[in-house]
Amino acid sequence: MSTNKPAQETKSTGYFKASQYGKELFNITIVVAQNHQGTLLLEGIDFTHQNACSVWINPSTPSGEQAFVPDTGTRVILITPTGDHSAFSGTFNAQLDNLNEKYKMRFKLNFHGNNPDIEGELDITGLNPT
């Protein structure tokens with residue numbers, strides 16, 4: 001039996017959106033933030049269009065514009081009906097307020113799978129228990 005609702009309620013609120021060449025790819029309002037084995041996991045899930053985006057980031061990542069380098073503690077994956085696409089280069093700016101559970105990030109990343117220059121933004125408040 002399939003469902004359009006998450007298995008458990010989330011205490012996270014906010015949005016996760018992305019665009020490519022000025023065209024919106026998704027604007028997701030079902031979001032989850034949680035501490036996953038010492039890494040902050042930020043996700044947006046769109047059950048209707050079968051899209052999702054997941055960001056794994058070190059909670060102590062400093063604010064400010066920085067180069068995205070895979071396998072250095074930050075990982076971004078787009079999940080679409082055509083498959084999973086991992087970011088391999090670009091830039092991002094994260095503002096992680098762990099004390100108040102407020103997480104913001106903007107990015108311009110290149111993804112494997114012929115997905116160049118995807119711009120994204122997330123703003124999530126509230127950390128879920130793991």
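I shall speak about the overall fold, then the core, then the pocket.

This is a predicted model, in which local features need pLDDT of at least 70 and side-chain atom pairs count only at pLDDT 80 or more, while totals for chains, interfaces and linings use all residues. Residues are numbered from 1 along each chain as its sequence is written, and side-chain values use heavy atoms, with hydrogens and water left out.

The protein has 10 strands and zero helices, where strands are DSSP runs of E of at least two residues and helices runs of H or I of at least four, numbered from the N terminus. Of its 130 residues, 36% count as buried, that is, under 20% relative accessible area with a 1.4 Å probe, protein chains only.

The largest nonpolar core has 26 residues; such a core is a set of buried Ala, Val, Leu, Ile, Met, Phe, Trp, Tyr and Cys residues joined through side-chain atoms within 4.5 Å. Strand β9, residues 102-111, gives the most to this core, with five residues. V55 is among the residues with the most contacts inside the core. Beyond its neighbours within four places in sequence, V55 is in contact (heavy atoms within 4.5 Å) with residues including F16, L42, V76 and M105.

Which strands each supply at least two residues of the lining of the largest pocket? They are β1 (13-20), β2 (23-28), β8 (83-97), β9 and β10 (115-125).

Notes: Buried means under 20% relative accessible area, exposed over 50%, partly exposed in between (1.4 Å probe, protein chains only).
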